[in-house]
Amino acid sequence: MSKFTKILILLVFVSCLIFIGLSAEVVTIKYAHWNALSEAYNYVKAFEKKYPNIKVEFTLIPEAEYSQKLNTMAMTGTAPDVLCLWECDISRFAKAGLIDPLDEYVKGSKEFTLDDFIPAVRNLIKLQGKLYGLPWCFATEIMYYNRDMFDKAKVPYPTEKWTWKDFENAVKKLTVVKDGKVEQWGCDALGFQGLWYSLIGTFGDEIVNEKGQFAIGKGAKEFLQWWYDLTNKYKVVAAPQVTTSGIITADLFVAGKSAIAFNGSWMTSVYKDIKNFRWDIAPIPKGKRQYSTLHTGFFAIYSKSKVKDAAWEFIEFCMSEEGQKLINKAGNNPSARVSILKKGYYRVRGPMGPVHWDAIDKTAQFAQWGYVLLPPGLTFDIVKDFNAVILGQLSIDEALKRTVEKAKDILGEEAVVVE
Amino acid sequence: MKEKKSIVPYIYVLPWIIGFILFTGGPIIFTIILSFTKWDLITPPIWIGLSNFVRMFKIGSEFWEILKVTIIFTIFSVIISITWALFMALLLNQKVYGVTIFSFFYFASAVVPLIALTFVFQLILNKELGIINYILSLIGIKEGPNWLMDKNLVIWVVIILCIYTYFTGQMMLIFDSALKEVPKELYEAAEIDGANSIEKFFKITLPAISPILFFNLVTATINSLNTSFTLIYPLTAGGPGRVTQVISLDIYNNAFKTFRMGYACAEAVILFILAVIVSIVQFRLSKRWVYYEV
């Protein structure tokens with residue numbers, strides 16, 4: 001055997017060893033989400049760059065089918081290694097043993113501690129006993145207003161101190177009627193389903209109490225009567241429009257036909273494209289208490305995953321400042337970590353607004369998970385009845401009776417409290 | 001050799017049989033079994049006997065309301081869509097210049113994805129921003145109806161929108177080809193006897209295409225019962241209240257929104273039985289009005 005042949009064989013052998021070694025080191029984790037990855041703020045790509053030994057296989061699941069798809073995948077044992085679970089699913093998955101507690105992982109983390117999270121996250125841990133998921137970011141429900149319309153009507157801008165009385169006075173002044181037809185509404189109808197629960201919450205109902213029970217009653221009754229009057233008696237709030245899965249196709253606020261609208265904070269990423277009027281945001285007005293609903297998805301580790309350490313490394317990166325910055329900027333959603341929230345990475349504003357981003361930060365201090373912990377089918381069905389009340393098709397008492405009956409039927413007698 | 005001959009045909013149909021068992025027969029049997037259980041998808045099913053059916057049919061249950069909406073929707077959507085498809089097919093059989101262009105336009109709406117179509121109609125029918133109410137305002141109606149939220153109007157709006165579905169377009173094509181097969185001599189003979197257009201339609205056209213009409217009637221009914229979900233879910237989601245909540249939509253909500261898979265399967269079993277009963281009745285009645293020979 002010539003010297004050249006020996007060297008060649010040795011080189012091939014070493015190359016094979018390196019190749020085998022490298023192949024063995026690269027771990028692939030599966031990860032699914034309802035949001036497409038942003039080109040500019042791709043946190044998955046950033047993670048892969050930082051951890052070249054871990055590859056992330058990303059699956060995009062449409063939002064409307066997200067929950068059912070994850071449930072089906074879990075049922076068939078094909079769930080991704082890292083799940084981003086909705087609030088209504090996390091308890092069910094935890095009870096079924098489909099996700100692992102993260103307490104030990106978090107204890108060993110150098111990136112963050114649990115003290116850094118907004119109060120609602122710590123409360124959820126209390127409710128569930130252990131930490132099963134970390135919020136990838138959060139969103140809440142707030143009030144949007146058209147500054148130009150407020151200026152024209154000489155109505156002072158809303159502040160965090162606004163009460164429902166202030167709101168009522170304002171919408172009466174902001175409504176413009178011409179030839180017997182409303183040209184400009186004081187406030188748009190409630191489109192997104194969660195708003196009903198947030199507004200009812202300000203009227204005193206707990207929505208979901210500390211025992212995890214669905215608690216509704218007097219507050220809902222009082223709110224529905226008042227909202228009915230604003231819509232039908234005073235005609236200062238637009239009549240309900242059809243909403244399917246929480247999507248509303250005709251937005252009066254964007255169309256410049258309504259001075260105020262309630263919506264999720266995520267709409268700042270949509271409204272930032274408004275170019276024809278100045279707009280801003282404020283917390284939902286106070287009633288008997290300040291209340292709003294929090295929304296998020298929780299990073300969790302699938303209990304049957306074979307790459308749990310790599311899955312945790314991905315979650316830890318996403319929860320780090322580097323990961324959170326990208327996630328926050330991608331969807332205008334703030335971080336649930338207070339230290340990062342303060343830095344305001346999520347504040348990607350448009351040319352006409354918003355200005356008072358602190359409305360979201362302040363809302364985060366009092367907002368609760370509320371209705372999002374309940375099955376979406378139940379809460380959405382109830383909203384259909386609430387809409388029927390505002391349209392004068394169903395009495396308030398009948399709607400509330402149906403609400404309680406349906407809730408008891410789905411959740412069980414013991415899981416419902418009539419306030 | 002003889003034995004080999006008898007096996008070969010079965011081998012040919014084997015792929016279909018396997019497909020049927022795996023994707024149709026199996027799921028049907030599994031659905032029936034699950035209808036006797038309580039199952040939330042992620043924990044093992046619990047056998048609860050007839051509880052799902054008892055809950056469904058108890059007095060005051062919302063299922064009765066949903067059943068009523070389903071029956072009303074099915075009857076009228078079938079009548080409207082078949083009448084529309086037949087009317088369009090008759091127009092396409094007129095000797096007019098550029099009939100193929102008309103044919104394209106009539107069928108175009110049927111090939112637009114239903115989800116896109118429903119969102120467009122949500123906008124068109126919107127109370128504040130919709131074009132229909134805008135047109136009404138031009139003729140003096142200041143306060144146009146809230147088309148998709150008025151409990152007296154919405155079911156009829158949904159029924160009328162069935163004419164834009166793919167299925168109605170498909171029926172139009174089937175009617176179109178059936179009408180072209182009706183012997184021309186019959187019309188010529190009727191004309192000599194002095195029959196007018198209406199008489200020709202009822203005495204010749206309808207009896208001649210009655211087998212096709214019957215086929216469309218049965219398939220439209222089953223389609224309406226089973227797949228009304230695809231139209232109603234994105235359009236109204238069953239609201240306001242339960243005014244447009246049909247069984248197929250309720251099955252989806254129970255299975256995937258409230259994770260009551262057992263109850264949803266029980267509803268699916270009832271829907272299956274309903275479709276079978278309606279089909280049997282239609283077949284029985286067909287003997288009185290369907291002519292298989294011209």
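Predicted model: local features only at pLDDT ≥ 70, side-chain atom pairs only at ≥ 80, totals over all residues.

Biologist: What share of the residues of chain A count as buried?

Modeller: Chain A has 17 helices and 14 strands, and its C-alpha atoms fill a box of roughly 105 × 50 × 35 Å along the principal axes. Among its contacts between residues at least 6 apart in sequence, 75% join residues at least 24 apart. Of its 419 residues, the share that counts as buried is 48%.

Biologist: Nice. Which elements of chain B give two or more residues to the side that touches chain A?

Modeller: The contact takes 36 residues from chain A and 30 residues from chain B. By class, the side of chain B has 13 nonpolar, 10 polar and seven charged residues. The elements giving two or more residues to that side are helices H5 (114-124), H11 (229-235) and H12 (247-257) of chain B.

Biologist: And how are H3(B) and H8(B) oriented to each other, parallel, perpendicular or oblique?

Modeller: Helix H3 (residues 62-92) and helix H8 (residues 166-180) of chain B pack with their axes 8 Å apart, at an angle of about 45°. Angles from 65 to 115 degrees would be roughly perpendicular, and those under 35 roughly parallel. The two helices are therefore oblique.

Biologist: Which classes of residue make up the contact of H3(B) with H8(B)?

Modeller: From H3(B) come residues including B:Trp84 and B:Met88, which face a set in H8(B) with B:Phe167 and B:Asp176 among them. By class, the contact has 13 nonpolar, two polar and one charged residues.

Note on methods:
Residues numbered from 1 in each chain as written. Chains lettered and ligands numbered in written order. Axes fitted to C-alpha atoms, helices over the stretch in contact; angles between N-to-C directions. Helix = DSSP H or I, 4+ residues; strand = E, 2+ residues; numbered from the N terminus. Parallel < 35°, antiparallel > 145°, perpendicular 65-115°, else oblique. Contact = placed C-beta atoms within 7 Å. Nonpolar A, V, L, I, M, F, W, Y, C, P; charged D, E, K, R; others polar. Buried ≥ 20, exposed ≤ 12 C-beta atoms within 10 Å, placed from the backbone.
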